[in-house]
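Please look at the sequence and the model first, then read the points below.

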Amino acid sequence: MFITFEGIDGSGKSTQARRLAEALRGLGQDVVLTREPGGSPGAEEIRRLVLEGPPDRWSAETEILLFTAARRDHMERTILPALTAGRIVISDRFADSTRMYQGLSRGDLRATVDRLHDLMIGREPDLTFLIDIDPATGLARAKGRNGHEERFEDMGLDMQRRMRAGFLALARENASRFRVIDGARAPDEVAAEVLTLARAALLSR
Ligand code: ADP
Ligand code: TYD
């Protein structure tokens, strides 16, 4: 089973992906926890190219190619081998992030993102948790981390608002794989709901 976490910056995806991996391992499941951009040695190198530097370092089109190249390597080297071996894969972000960040941020490039996805990736997750949060809260949390990977966080609050609306629309369009989670609650409460929904999905397979 292939599970992804999506949402705007600072929504709590990394926290919840880690918590779900730990909880499922505690139940005896074999889990691979991974992330995008990254998740394989080559894709981690591309991560540095896309996340560091000034906001205008790449055009949106070039970014689509770089994120998709990273994802292709991540699929080949990490995700598909693990799924083939019967393991559960949990990824902190996946293709829905490209649909939103590169598809919406600078003009409407969603069709280009989708075409390249069909050509080079061609696979959707079985289950996607959208951790939904007010953008001001998310941005404050993300800024609190004080890291170097700020190219997208620097795009500001208005952009995060459009991303949030875009993610919610995507969840409505793909209701069978999406679960929308209220991320404004305490981490334990969010983790408990995520685990309940993940277990239900695992049992129904
Ligand atoms: P994301 O991966 O979506 O950017 P993180 O899981 O890295 O989010 O969380 C961003 C920051 O907010 C971290 O400092 C984390 O400890 C904190 N955080 C995560 N979940 C919550 C929560 N439910 N309530 C308050 N703070 C949280
Ligand atoms: P991430 O490390 O998950 O950041 P955060 O913890 O702040 O959510 O992702 C880094 C940034 O990369 C994030 O701002 C979103 C962006 N991103 C894209 O623009 N396109 C993509 O396809 C992916 C996977 C991430």
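Buried means under 20% relative accessible area, exposed over 50%, and partly exposed in between, with a 1.4 Å probe and protein chains only. By that rule, F2 and F94 are both buried. The model is predicted: local features need pLDDT of at least 70, side-chain atom pairs count only at pLDDT 80 or more, and totals for chains, interfaces and linings use all residues. Residues are numbered from 1 along each chain as its sequence is written, chains are lettered from A and ligands numbered from 1 in the order in which they are written, and side-chain values use heavy atoms, with hydrogens and water left out.

**Aromatic pairs**

- Rings of Phe, Tyr and Trp (its six-membered ring) pair if their centres lie within 6.5 Å; planes under 30 degrees apart count as stacked, over 60 as edge-to-face and the rest as tilted.
- Two aromatic pairs are found in a search of the whole structure.
- In the pair of F2 and F94, the ring centres are 4.9 Å apart and the planes stand at 85°, so the pair is edge-to-face.
- This pair links distant parts of the chain, as F2 is in strand β1 (residues 2-6) and F94 is in the loop between β3 and α4, 92 residues apart.
- Helices (H or I, at least four residues) and strands (E, at least two) are DSSP runs, numbered from the N terminus.

**Ligand 1**

- A residue is near a molecule or strand if one of its heavy atoms lies within 4 Å of it.
- Ligand 1 is surrounded by 13 residues, and the closest are G12, K13, S14, T15 and R185.
- Helix α1 (residues 13-26) gives the largest share of this shell, three residues.
- The shell around ligand 1 holds three nonpolar, six polar and four charged residues.
- In these classes, Ala, Val, Leu, Ile, Met, Phe, Trp, Tyr, Cys and Pro count as nonpolar, Asp, Glu, Lys and Arg as charged, and the others, Gly among them, as polar.
- An N or O atom in the side chain of S14 is 2.5 Å from an oxygen atom of ligand 1.
- A nitrogen atom of ligand 1 lies 3.2 Å from a polar side-chain atom of R141.
- A nitrogen atom of ligand 1 also lies 3.5 Å from a backbone N or O atom of P187.
- On its own, ligand 1 has 550 Å² of accessible area, and the protein covers 72% of that.
- Accessible areas come from the Shrake-Rupley method with a 1.4 Å probe; for residues, only the protein chains shown count as cover.

**Ligand 2**

- There are 16 residues around ligand 2, of which D9, R93, T98, Q102 and R145 come nearest.
- The residues of this shell are five nonpolar, three polar and eight charged.
- An N or O atom in the side chain of R47 is 2.9 Å from an oxygen atom of ligand 2.
- An oxygen atom of ligand 2 lies 2.8 Å from a polar side-chain atom of R93.
- A nitrogen atom of ligand 2 lies 2.8 Å from a polar side-chain atom of Q102.
- The protein covers 94% of the 540 Å² of accessible area that ligand 2 has on its own.
- Two or more residues of the shell around ligand 2 come from each of α2 (41-51), α3 and α4.
- The most come from α4, with four residues.

- Q102 is part of helix α4 (residues 95-104).
- Its relative accessible area is 1%, so Q102 is buried.
- The side chains of Q102 and E63 are joined by a polar contact of 2.8 Å.
- A polar contact is a pair of N or O atoms within 3.5 Å; within protein, one must be able to donate a hydrogen and the other to accept it, and residues adjacent in sequence count only if both atoms are side-chain atoms.
- R93 lies in the loop between β3 (88-92) and α4.
- R93 counts as buried because its relative accessibility is 11%.

**Backbone features**

- Most residues other than glycine have a negative phi, and most peptide bonds are trans.
- R93, a residue other than glycine, has a positive phi near 75°.
- E36 and P37 are joined by a cis peptide bond, with omega about -10°.
- P37 is in the loop between β2 (31-35) and α2.
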